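Visitor: Hi, I'm new to this one. Could you show it to me and take a few quick questions?
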Amino acid sequence: MTLPAMPKAVLQFFEASQKGDADRWADSFAEDALFHDPVGTEPIKGREAIRAFIKSVIPNFDPFLGLTPLEAHNVGEFTAVSWHGAAVSTDGKPVNWSGINVYQLNSEGLIQEAKAYFNHAIFAAQLAK
């Protein structure tokens with residue numbers, strides 16, 4: 001599958017998610033970044049907190065197949081990406097979800113702020129079955 005064109009840090013965000021590489025995933029963010037996952041919840045503040053969050057999520061799945069970008073729209077320092085996520089819980093429940101992320105990059109090309117728009121209730125309901 002050919003990925004849509006997007007800035008390097010955003011591409012790294014998706015590629016690292018697909019490999020389950022929490023460190024590389026977190027390294028796509030600026031040191032003082034904000035990550036709203038999902039929008040409407042308290043944002044995760046700072047690269048190390050983002051790293052800890054990702055490392056707390058991935059072990060709940062086997063495998064964690066990651067997020068696949070479908071379309072990207074780039075305007076200045078902003079990139080919006082529609083995506084599809086997939087994973088299988090450690091107790092064998094398949095989980096599929098989708099959404100749109102909006103990224104704002106800093107002057108170094110790292111993600112300064114990421115806002116994930118998806119319905120967390122749909123994600124959670126698949127795990128509760």
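Visitor: Is Asp23 buried, exposed or partly exposed?
Guide: Asp23 counts as partly exposed, at 34% relative accessibility. Buried means under 20% relative accessible area, exposed over 50%, and partly exposed in between, with a 1.4 Å probe and protein chains only. This is a predicted model, where local features need pLDDT of at least 70, side-chain atom pairs count only at pLDDT 80 or more, and totals for chains, interfaces and linings use all residues. Residues are numbered from 1 along each chain as its sequence is written, and side-chain values use heavy atoms, leaving out hydrogens and water.

Visitor: Which residue forms a salt bridge with Asp23?
Guide: That's Arg51, with the closest N and O atoms 3.1 Å apart. A salt bridge here is a side-chain nitrogen of Lys or Arg within 4 Å of a carboxyl oxygen of Asp or Glu.

Visitor: New topic: what does Phe123 contact, beyond its neighbours within four places in sequence?
Guide: Phe61, Val95 and Trp97. Contact means heavy atoms within 4.5 Å. Phe123 is in helix α4 (residues 120-128), and it counts as buried at 11% relative accessibility.

Definitions and conventions:
Helices (H or I, at least four residues) and strands (E, at least two) are DSSP runs, numbered from the N terminus.
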